[in-house]
Structure formats: structure tokens, C-alpha cells
Amino acid sequence: MTVLNPIDLAHRYFVNDLPGSTIPASRLRDILDKLQKGRPLTTNGLNYLQQLGLTALGQLARGEITYETFQETAAPEQAKRAQSVEAEKQAKHASMLARAAEQKAREADYWAQQEAARLARESDPKYIAKMKNRALRARYGIELFIEQEHFPQLMDILHRFDDGNRLSDDDVLWMTTEGRDYYSEILQAAFHEREAEFYASEYRRTTDPWNAVNASGHFRKCEKARNAHDLLTSIPAERQKAPKLRSAIATTHGGVMRDLKRLDEALNLGNQAHALTPKDFRPCTLLGAVNFELGHYDIARDWYAKAIERGTTERSIDYDLRGIFLRADPAKREEIKAFLLREDPTRYRWVNNVHASKSRSTGKRAGNAK
């Protein structure tokens, strides 16, 4: 009896296309081993061959046909099985393609409906207005929720401002009081820049130095101190005769020098302004701020006291001090904190709650508030 390896054995009995034919201990492999050794099959074994559709092999196992006759019958059986497997494979593939086509058609229909809905929505005047309002708010950095009672007035202000108009006094009053939550840094900067350009244009038209002063104040608040400096230095000396005007120019220019970190020049301009209008609080406030930034805290305290005597408020000064504190580096901040708490731990308790993470831009605006 010839001993065959599992693959050759499967080929000999024309079942190499069946998975279990070469797997050790499988039911079909056990039957093949018995046939090769000439051992009879059990009734269960014969039934199993019938279940697999191996008619010729069953006949061979029962001794009904010779091996030669088996070969003639088993080969077509195997070919038929192969055809059946291929047909089943093609049927599954066709079914898969059909399901994929159906899924694709459903998706196409879904996205067509979505596109139709989008087009309908985007052609709706209410939707168009909503998107324009959203874009307008985003342009001016107003991302927070807007209360319903505030929405009409805020959007009216934004639309007029975006059309190139200046804000009225009533608009500014509303934005800095009831609508202060919506008065974003971007909107504030845009407002001050527009006001600055307006007054600068008025100065060029009228040559009135007061327009240059007003323009410079607004340039400072939109962080364009260099523009303010150029404008103020362009005022002819012969147009600066009145002491009040000269003081206002010097005070504003001193603030500009402070923004530009030219503190010695700011100090000199503040002293000039104070000499011209000794009863005006504005030069005193400037001198207080500049001396404080220079680290001359006792001198700054005395100037701030004079400013209060002349009409400014503690609140305004504290706002200015807060700006200086926020802009200071960590070491300087600790120095300022120690001084203020020695001066008045109750009034200046806010220094304990202000952290380095606070926006420096907020501090800058606070410093420019004068």
C-alpha cells in the first residue's frame, strides 16, 4: 500500500477542492485514510459522504465500482462542484455590488435632499439676514450670546458703523453702559480709529489744533501712538498761543510719549502742561502715571493726590494703576503690589486677585484712559 501525503491523497480521491481533505483529524481526512488503507467505512461515514455530495466516492467505499470507474465519475463531480462554487462566488459578488449600488443610490438621494434643503434655506431672506448678522458680529469680535432685548439696538449700531458711519454720543453711551458686554476690543479699536481719522481730517480741513488733540487721544486708544505723535508735532507753534490749548497739547503728547516708552520726554511734557494749567487734573494724572511707571512711587502718589484735589476720581486713578500693574513684568508687579498694599490694603486689595494671565491689551486701554 502506497503512503501518500495529505495533498496527494486528496488529489487521488478528487476531493482536493474541499477544505477538510488535508486537515489532520478532520472527518473527511479520516475517511480518506481509511479508504487508502482499505478499511471499511461506518454507516455514519458513508452518510457523511452522501451529505457532501460525493456519490462516486461513496460507491467506491462500498465496493460498487472500481477505482478506474471512480476516476471517470469523480472528475466530472469535482468539476461540477468547482462550477457551483464559482457560480456561488459570482452570485455573492453580484449581490454585494447590488447592495453597494443601493447604498450609493440612497446616499445620493440623501445628499440631494440635503442640497435642496440648503439651497432653499440659503435663498430664504430670513436665513440670509441671519448669516449676514452673524458675519457682522464675528467681524467685530462679538461672539457671545446676545440678549433678545439688546439685539435690535446692537445690530442697528453695528450695521450703521459697518456702513462707514461714526457712532453717535447715544450709541457710545449705550455701548459703554447697557451694552458694555458687547463692546469688544475689536469694536473699541475700530471706533477709536474712525474717530481719530475723523478729527485728523477735521484738523487738516480747519487747522484747528483742538481737532489734532482729539484725534491724538483716539489714536492712543487704538494703539496708534506714532500717528498721534506725528499729528501733534505738525501743529505750528504760532497756533499754540492759548495756555489751555498748549497744556492740552503737552498733556496729550506726554501720554503719547508714555505709550512709546519715552518716559523722560513724557515727564517733561507733563511738567510743562502743569505749569501752564496748574489747576487742571489732567497733567497731574499724567505725571502720576509716568512717575509710577518709573518706580517713583512716592512722587506718583503725591501727583495722584493733586489730581484728586483738582477733580479726577479715585476710581479713574485706580483704573490707571491697574493698567500699569497689568503691563508690568513679574518682578515689577510684585514691587507695585507691595507699595500699594502698604498705602491702603483695603483700597488696593484688587492686586491680590489680578493674575499675570490677564490681557495686556486691557491694561493698555486702562493706561490710555486719560
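Predicted model: local features only at pLDDT ≥ 70, side-chain atom pairs only at ≥ 80, totals over all residues.
Local features need pLDDT of at least 70 and side-chain atom pairs pLDDT 80 or more, while totals for chains, interfaces and linings use all residues. Residues are numbered from 1 along each chain as its sequence is written, and side-chain values use heavy atoms, with hydrogens and water left out.

Colleague: How many salt bridges does the structure hold?

Modeller: Side chains of opposite charge can pair when their charged atoms come close. A salt bridge is counted when a side-chain nitrogen of Lys or Arg lies within 4 Å of a carboxyl oxygen of Asp or Glu. The number of salt bridges in the structure is 24.

Colleague: Which helix holds Asp320, the partner of Arg258?

Modeller: Asp320 and Arg258 form a salt bridge, with their closest N and O atoms 3.6 Å apart. The two are 62 residues apart, and Arg258 sits in helix α12 (residues 243-259). Helices are DSSP runs of H or I, at least four residues, numbered from the N terminus. Asp320 belongs to helix α16 (residues 314-327).

Colleague: Are Asp320 and Arg258 buried or exposed?

Modeller: Relative accessible area decides this: under 20% is buried, over 50% exposed, and in between partly exposed (1.4 Å probe, protein chains only). Asp320 and Arg258 are both buried.

Colleague: Which residues are linked with Arg258 and Asp320 in a network of salt bridges?

Modeller: The network holds Arg258 and Asp320.

Colleague: Why does Arg262 count as partly exposed?

Modeller: Arg262 meets Glu265 in a salt bridge at 2.8 Å, N to O. Glu265 is partly exposed, at 36%. Arg262 counts as partly exposed because its relative accessibility is 28%.
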